[in-house]
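Me: I would like to go through a model feature by feature. Please give the general idea each time, then the case at hand.

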Amino acid sequence: MLKKLFKYEWKAFWKVPTAINVFLGIMTFIGIISLASPFWELDIRGIEIMLGLAVFFYILAIAAGSIGVTIAITVRYYKNIYTDEGYLTNTLPVTARQIILSKLFTGVIWSFITGTVVSISIFSLVYTASLSYSDVNILYEIAHDFPDLLNFFREDVGISFVLFAFLSLVYMVASTALSILKIYTAIALGQLFARHKVAGAVIWYIGEYVVFEIISSFLRGIPSYSNGLFTFFFSYGISYYNSYDYSVLLAMLLSIGFCLAVCAGLYFLTEHMLKNRLNLD
């Protein structure tokens, strides 16, 4: 039944994130064509301002696309379970667990797709700019120096790049699920409010954000990192490894374990609220 529910959820949800990702693709194509043209090399008054505005609107489009997918996931979950649609959803011959997991899987997949599109978009523009204005072929440089980079990475970090990439992927999956589950949990707890349930969900989400920020600040004091693996790792991870002789592998495993544990806690809280505290009034 979970498989059938996932297929239904996918068919009901795919249009909005697909449209957003197509929009990001179009923006990327326009950006590549623009950067490859000689226009920006012309001696035109105010061209620097025009370039700055172009970069600003591109960043705005990327941010709007990413946020748009998150909003779509949130709205879909709320409307399908806690509005008039919920009367139908919650009378289907499926469990609360199947409902949550089908939506969670769909949300994680589309978040990953959008993240991949954004990453490809940014790299494509950087690559085009490097070819157009500096004659540096980033792909060639990386391919040429890749063996040396792998050796340097292993010597400096202490683990192979392949293992690091795999654990990073696992962490990204877990952290993406965590981000979505925080939304689901806030919506579920917002139903405890007799009125203004949406406002209640927002309040709960802000509370969750504050709590997680406090925990993250605490974890930055030890060789582990719970939110934003890449930011913390590159900022602090190597220094901790060198200064305190902690294994980066151990730090990554602790981070993944912590993230999965929090995911489990939020999931079971969301499931409990949906099963026992559902309020569609």
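Me: What share of the residues of the protein chain count as buried?
Reply: Buried means under 20% relative accessible area, exposed means over 50%, and partly exposed lies in between (1.4 Å probe, protein chains only). Of the 281 residues in the protein chain, 36% are buried. This is a predicted model, in which local features need pLDDT of at least 70 and side-chain atom pairs count only at pLDDT 80 or more, while totals for chains, interfaces and linings use all residues. Residues are numbered from 1 along each chain as its sequence is written, and side-chain values use heavy atoms, with hydrogens and water left out.

Me: How many helices and strands does the protein chain have?
Reply: Helices (H or I, at least four residues) and strands (E, at least two) are DSSP runs, numbered from the N terminus. Here there are ten helices and zero strands.

Me: Which contacts in the protein chain are between residues 24 or more positions apart?
Reply: Contact means heavy atoms within 4.5 Å. Among contacts with a separation of 6 or more, 74% join residues 24 or more positions apart.

Me: Which residues touch the most other members of the largest nonpolar core?
Reply: A nonpolar core is a set of buried Ala, Val, Leu, Ile, Met, Phe, Trp, Tyr and Cys residues joined through side-chain atoms within 4.5 Å. The largest one has 52 residues, and those touching the most other members are Y77, Y82, L104, L178, L181 and Y184. At least two residues of this core come from each of α1 (2-13), α2 (15-36), α3 (47-82), α5 (96-133), α6 (138-157), α7 (161-190), α8 and α10 (248-276). The most, 13 residues, come from α7.

Me: What does Y184 touch?
Reply: Leaving aside residues up to four places away in sequence, Y184 touches I73, Y77, I100, K103, L104 and T270.

Me: How many salt bridges are there?
Reply: A salt bridge is a side-chain nitrogen of Lys or Arg within 4 Å of a carboxyl oxygen of Asp or Glu. By this rule there are four. One of them pairs R76 with E9, at 2.9 Å from N to O. R76 is in helix α3 and E9 in helix α1, 67 residues apart, and the pair links distant parts of the chain.

Me: Are R76 and E9 buried or exposed?
Reply: R76 counts as buried because its relative accessible area is 17%. E9 is buried too, at 4% relative accessibility.

Me: Which salt bridges does E271 form?
Reply: E271 pairs with R97, the closest N and O atoms being 3.3 Å apart. E271 lies in helix α10 and R97 in helix α5, so this pair ties together parts 174 residues apart in sequence. E271 also pairs with K275, with the closest N and O atoms 3.9 Å apart. Both E271 and K275 lie in helix α10, four residues apart, about one turn of the helix. E271 is buried at 6% relative accessible area, R97 is partly exposed at 40%, and K275 is exposed at 54%. Elsewhere, salt bridges that share partners join E9, R76 and K103 into one network.

Me: Which residues make the nonpolar surface patch?
Reply: Patches are made of residues with over 30% relative accessible area and no salt bridge; like charges are joined within 9 Å, and nonpolar side chains (Val, Leu, Ile, Met, Phe, Trp, Tyr) within 5 Å. Accessible areas come from the Shrake-Rupley method with a 1.4 Å probe, and for residues only the protein chains shown count as cover. V198, V202, Y205, I206, Y209, V210 and I214 make a patch of about 660 Å². Y205 is in helix α8 (residues 197-219) and is partly exposed, with a relative accessible area of 35%.
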